[in-house]
Each structure stands twice: as C-alpha cells, then as structure tokens.
Amino acid sequence: MVEMEKQVLAPVNEHKVPNFRWSNIFRGDNRALWTLLALIIILIVDRMVSPTFFTIRMVNGRLTGSLINTLDGAAPIILLSIGMTLVIATKGVDLSVGAVMAICAAVAAVLINRHEAGSDNILYYPGFVILIAILAGALCGLWNGILVALFDIQPIIATLILMVAGRGIAQMITEGQSPTFTDETLAYIGQGTIFGMPFPVYVAGIALVVVFLLVRRTALGLLIESVGINSKASHYTGVNAASIKLFVYIISGICAAIAGLVVAGENTYADPHTAGQWSELDAIVAVVIGGTLLSGGRFNLLLSAVGALIIQSLRIGLYISDLHPNANLVVKAIVILLVLLLQSKEFKQTIGRLFKPILKLKAIFK
Amino acid sequence: MKSRFFPLLITFLVFIAIYAFCYYHFSSFGSMRVVCNLLRDNAHLGIAAIGMTFVIISGGIDLSVGSVIAFTGVFCALMITREGMDPRLVFAIVLGMGTIFGAVMGVFIYYLKIPAFIVTLSGMFLARGMAYVLTTESIRITHPLYIRVSKLVYIFPDKGRFTFAAGAFLAVLVLGIYIAHFTRFGRNVYAIGGNDTAALMMGVPVGRTTIMVYTLSSFLATFAGIVLSLAKRSGDSTITVGAEMDVIAAVVIGGTLLTGGVGYVIGTFIGVLLPGVIRTYLTLDGSLSPWWIKIVIGVLLFGFIAMQKLLSTRPKLFSFRRQTRPANVSTA
C-alpha cells in the first residue's frame with residue numbers, strides 16, 4: 001500500500017513545474033497568431049503612412065526612430081499590463097493603477113525635492129526614494145488586495161475606491177502642486193539609455209521576464225489560473241485563494257509604481273492630475289487584446305505585452321498620419337471592438353450561420 | 001423592518017447627519033438657495049445616475065455615460081450654432097442617436113456575450129472620440145430657445161432659484177421610481193439582477209430587458225447632456241471626463257448592491273446629493289484644500305461598501321479562508 005502511494009506520488013514530485021516548454025510561451029490555441037498578426041498589420045499600416053517608420057538611426061549615442069519611440073512609449077503600458085494580466089486572470093480588475101502611478105510619482109518627486117533642498121536624511125537619497133515609491137505602490141496594492149481577498153468586495157468597486165481617492169491622495173502629497181525635480185537618477189529611469197536603447201524599455205523587459213519566470217517556472221501561474229476559473233473549487237483542492245489574490249494585487253501595485261516612476265522620470269515632474277490618466281483603461285485593453293479573458297482563467301503575459309505594443313503603435317501611427325488627430329479614440333474603440341468580435345465565440349457562430357445558406361448552395365451545385 | 005431597506009436607511013441617516021453638521025457650521029444650508037444650487041449643479045450627474053441604477057440593479061455596468069453627456073453637448077452646440085437647426089429637432093435626433101447607441105451596446109453584451117465592462121469602455125472611447133472629432137473648441141449657444149429656458153426659473157422668497165435643470169432632475173427621479181417599482185420592466189430588471197438563470201426559467205425576457213437597460217441608461221445620459229447643455233448654454237468635448245465614476249460612486253453610496261438585484265432609485269438621489277453637500281461645504285469653508293473632496297468620497301464609498309458587506313455576510317467576515325459567493329457572477 002505504502003509502496004503504491006509512493007509510486008503514485010513520485011512523478012508528481014518530479015514535475016513540480018507543470019508542462020513548461022519554451023515552445024509553449026505563446027500558450028492559447030491560435031489566439032497568439034491573431035494578436036501577433038494584428039500587431040504586424042498595424043506596423044505595416046504605420047510603415048505605409050510614414051515611409052521612415054522602420055528607419056532607426058544613432059544620434060548622440062541614442063537610437064532614434066518611430067519604432068524605438070513605440071517601444072519607449074509602450075513601456076509604462078507594458079508594466080501596467082503585467083500586473084493587470086495577473087489580476088484579470090484571478091477574475092478581478094484593477095481600476096486604481098492610474099491613481100497609484102500618480103501617488104508613487106508624487107511620493108518620489110516630493111522626497112527627492114527634500115534631497116535637492118539639501119536635507120541629509122538618508123531616506124531622501126535617490127535609491128531610497130525609488131524604494132519608498134515602490135513600497136507605496138505595494139501598499140496601495142495591499143489595500144486593494146485586502147478589500148478583494150478578505151472582505152470579498154467586487155474588484156471593480158474595491159479598486160474604484162482607490163481610483164477616486166488616489167488622485168486626492170496624490171494631490172495631498174504634492175499639496176496641490178506639480179513638483180518638478182532635477183535629480184539625474186530619477187530622470188534616468190525615464191530618459192536614460194543603455195546601448196542606445198531607452199532605459200524604460202529595459203525596465204519593462206526585465207519586469208516582464210522576472211514576472212514571467214516567477215509565474216511560469218513555479219506553480220504560481222497555475223494557481224492563479226485555477227483561482228480565476230473557480231475560486232471555490234481551488235479552495236477545496238487546497239489553494240489559498242485569498243493569498244493568491246492578495247499577491248496579484250500587490251504585484252499590480254508595484255508595477256504601477258514602477259510605471260509611475262518611468263513617466264515621472266520622463267517628464268521630470270509629477271502631475272497628480274494627469275499622471276497615468278486613463279492608463280488603467282489602456283492596460284485593461286492591452287490585456288484583453290492579448291487574449292486573457294475578463295472572466296478569469298488562462299492568461300498570457302507575453303501576449304499582454306504585445307497588446308500594449310499594439311495600442312502604442314496604433315497611437316504613434318495616428319500621430320504621424322494626416323488623419324484628424326482627435327480621431328485617436330474612435331480608431332481605438334473600433335480596433336478594440338474588432339479584436340473582441342474576433343474572440344467572441346457567439347460572433348463566430350452567428351457569422352457561420354449567415355454563411356450556411358451559401359455553403360448549402362455550393363453543395364447543391366456540386 | 002426588512003433588511004433590504006437597511007442600506008437605504010443608513011444612506012438617509014448619514015445624509016441627514018452630514019447635512020445637520022453643515023447646517024450647524026453654515027446656517028445658509030437651511031436656505032432654498034443652497035438646496036436649489038445642489039439640485040442644479042448635480043442635475044446631469046443625477047439623471048445619468050438614475051439610468052446607471054437600473055444597469056447596476058440588473059448586474060451590469062455602464063462606463064460610457066460621461067462621454068455620452070459630453071458628445072450630446074457638443075452635437076447640440078454644433079448643430080444649433082453652425083448648422084442653424086431648430087433645437088427641438090436636434091434634441092430629437094440626439095436622443096434617437098443615444099437610444100440606438102445604448103441598444104447596440106446592449107446587443108453586444110447580451111448576444112455576443114462580451115463583458116459589459118469592455119463593451120461600455122469601447123462605447124466610452126467611441127463617444128468621447130466622436131465628440132473630439134466634431135470639435136475640440138468650446139461653442140457658445142445663443143439660440144432664443146436656450147435663453148427662454150434659462151429664464152424658466154421659480155424664485156423662492158429667499159432668492160433660491162429653482163431652475164429648469166433642477167426640475168428635469170426631479171421629474172426624471174419620479175419617472176425612475178415609477179419605472180423601477182410600478183412597471184413590468186422594472187420588476188424584470190430586479191429579477192435578472194438577482195439571478196438571471198432563474199429569471200430566464202421564470203419566463204422573464206432576459207435578452208430584451210438587458211438591451212433595454214443599456215438603452216435606458218444611454219437615453220438618460222443623452223438627456224442629461226441636453227439638460228447640461230441648456231444649463232451651461234455651451235458645448236465642450238472636454239467636460240464630464242470621469243463622470244461615469246462619480247455616477248457609479250453615487251449609485252453605490254445610494255445603497256444599490258453591485259452584485260445586482262437590490263437597490264432603490266431614491267437612494268441614488270441621496271447618493272448624488274451627498275458629495276454635492278460636501279463640495280458645497282468645502283467651498284463655503286474655503287480653508288480646506290480641494291483634494292479633500294476626492295478623499296472624502298473615497299472614504300464614504302469604502303464605508304458604504306464595508307457596511308453592505310457586513311450586512312450580507314455578518315458571521316464570517318474575517319475568516320481568511322472564506323469562500324466567494326458561488327454562481328453569482330454576472331458582471332465583468
């Protein structure tokens with residue numbers, strides 16, 4: 001009997017990482033294909049609009065070109081979409097990321113200004129300021145997580161609280177101002193370059209790889225998916241659903257904090273009103289385009305990043321095109337709807353039904 | 001006392017307490033002037049919030065209302081000022097457009113099973129984008145009808161001005177209460193919010209009701225846009241950004257459960273006025289910073305949600321391994 005149990009258990013222990021294969025990184029039937037295709041089409045359209053779109057040149061040790069701008073501009077959205085993917089995979093949503101960006105940017109700007117004003121307090125040194133800002137983001141995430149996981153409040157509403165109050169908190173931190181700063185370390189996060197590539201691209205890339213490995217090389221990703229598919233069933237199989245939810249909201253808060261630092265570094269000021277405005281919606285759209293369903297379950301971090309790139313290349317394309325500059329939102333809405341229609345099973349069935357008579361005709365004429 | 005009235009009762013008590021506190025500090029809160037201004041300034045939010053109440057009771061959400069209000073204002077201003085059309089005709093056209101807009105969103109939500117959150121989010125982008133495409137300038141409207149409407153004022157003895165907007169708000173409120181509690185459609189909305197599978201089995205037309213709920217919400221948002229346009233006598237595509245969140249917050253503060261099935265239109269009325277009272281207090285006080293309004297609304301939201309939670313799941317609130325409610329998962 002004991003022998004048998006050992007035999008049954010042995011293979012499970014050997015394969016702690018379930019079904020991980022590098023060929024599997026774009027998991028999810030052919031959704032990956034559709035999403036990548038959408039990105040390629042939009043890039044080709046961009047190229048048609050602006051012949052220099054793919055041109056990359058080295059200017060003063062810095063790569064320039066629309067493609068680099070797209071990557072640079074997509075970095076904050078990619079960062080947000082990492083956290084958002086995990087949250088949505090647990091059947092949640094985090095509306096507060098934009099406000100959290102504003103809070104963390106405000107914290108960093110206010111603290112670094114004290115350092116610039118000549119304060120010797122070690123907490124105001126750039127490294128510590130960055131750490132404190134990220135900690136603030138984690139705290140915001142913890143608050144959301146507690147509301148969702150422990151109080152069992154609907155995620156939309158739980159995070160709506162911080163979305164509404166967060167901008168007020170950011171304004172309170174900056175005392176209604178938009179503090180500017182000149183610190184080079186903070187500015188580097190948004191403006192620096194390594195090998196000509198903008199620093200935000202590295203930040204987003206590293207965050208993506210770290211979180212990807214964290215959820216896919218351990219069982220964490222599987223647990224997140226199981227909580228999203230059926231929280232109750234995963235509880236009965238011994239998954240601590242509350243801790244998983246807490247974890248994803250904290251990760252989302254940290255990602256928002258880093259995104260806030262990137263945006264603040266780029267602007268060298270922290271505006272509590274406009275920092276990260278509407279970015280929560282961009283992040284949610286990126287995740288949805290990436291094929292992660294709002295009803296939770298299977299998620300794909302890399303495709304969410306592709307979704308973020310789609311949004312940004314769409315935006316850049318509209319910038320450089322002769323199209324009405326204000327049509328940006330309309331085109332965005334139409335693209336979102338198209339992608340959603342492609343993903344909707346019901347839509348495909350309806351289309352199938354519409355084409356049925358034609359197929360029948362074909363059969364008759366055969 | 002029925003327990004479902006409890007959130008409503010708390011909302012009323014909190015409102016009375018806050019109003020009494022304000023009255024204690026500034027006696028002008030007792031005047032009709034403050035009351036009328038409250039109604040006037042919150043009319044567009046209130047009208048949209050009454051539509052949102054139906055959406056949330058049915059278990060959905062509508063993020064497009066703020067953009068629809070802005071689009072309506074811009075459309076009216078453009079058609080009346082630039083094209084010289086009759087305002088009444090423009091109102092009819094824009095109300096028709098709003099109705100179709102809501103119906104299309106409802107079709108997407110019900111028949112294509114795309115989450116309401118994302119559909120109405122695209123609707124929000126679309127309406128705001130169309131407003132931007134029409135114009136990004138602020139256009140003044142000087143049509144005689146607008147002037148006439150602005151003179152439709154009942155003046156109280158203490159110079160409180162009961163304007164057209166305030167009247168429209170109260171009229172929609174009465175209409176909303178009637179639809180919610182005295183029509184078949186209203187009962188159907190409650191039924192599908194409580195449990196849409198059970199409602200379907202009982203013979204409630206779930207599809208039609210869902211589509212009608214979003215149609216009603218967009219219709220009322222369009223009407224709110226017209227009321228705002230009449231009150232401001234201008235159209236601007238950058239107004240009411242983020243108003244949908246204020247509206248949702250008002251509905252929640254008004255005691256409507258976000259899980260659907262429970263809620264009262266009259267509660268939403270209080271939920272709209274409550275932040276308005278606090279805003280008035282901060283304006284009268286002058287020494288408090290403007291960002292407190294957002295923080296106070298956040299705290300209020302938290303308070304009301306926590307209270308609703310306490311009421312619905314009293315015994316096991318803090319047990320860490322507690323379960324989420326099964327099956328009841330209709331919203332995005």
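## Close-up views of a predicted model

**View 1. The side of chain B that touches chain A.** In this predicted model, 44 residues of chain B are in contact with 39 residues of chain A. Three elements of chain B each give two or more residues to this side: α6 (116-134), α12 (243-253) and α14 (292-312). The most come from α6(B), which gives eleven residues. Sorted by class, the side of chain B that touches chain A holds 29 nonpolar, nine polar and six charged residues.

**View 2. Helices α8 and α11 of chain B pack together.** Helix α8 spans residues 164-182 of chain B, and helix α11 spans residues 206-232 of chain B. Their axes lie 9 Å apart, at an angle of about 160°. An angle over 145 degrees counts as roughly antiparallel, so α8(B) is roughly antiparallel to α11(B). The crossing of α8(B) past α11(B) is right-handed.

**View 3. Residues where α8(B) meets α11(B).** From α8(B) come B:Phe164, B:Ala165, B:Ala168 and B:Val172. They meet B:Leu220, B:Val227, B:Leu230 and B:Ala231 in α11(B). Eight residues of this contact are nonpolar; none is polar and none is charged.

**View 4. B:Asn42 in a loop of chain B.** B:Asn42 sits in the loop between α2 (32-41) and α3 (43-57) of chain B. B:Asn42 counts as buried because it has 24 C-beta neighbours inside 10 Å, and 20 or more are needed. Leaving aside residues up to four places away in sequence, B:Asn42 touches B:Val272, B:Leu273 and B:Gly276. B:Ile266 is 224 residues from B:Asn42 in sequence, and their C-alpha atoms are 15 Å apart in space.

Conventions. Residues numbered from 1 in each chain as written. Chains lettered and ligands numbered in written order. Predicted model: local features only at pLDDT ≥ 70, side-chain atom pairs only at ≥ 80, totals over all residues. Axes fitted to C-alpha atoms, helices over the stretch in contact; angles between N-to-C directions. Helix = DSSP H or I, 4+ residues; strand = E, 2+ residues; numbered from the N terminus. Parallel < 35°, antiparallel > 145°, perpendicular 65-115°, else oblique. Left-handed = near helix turned anticlockwise from the far one by under 90°. Contact = placed C-beta atoms within 7 Å. Nonpolar A, V, L, I, M, F, W, Y, C, P; charged D, E, K, R; others polar. Buried ≥ 20, exposed ≤ 12 C-beta atoms within 10 Å, placed from the backbone.
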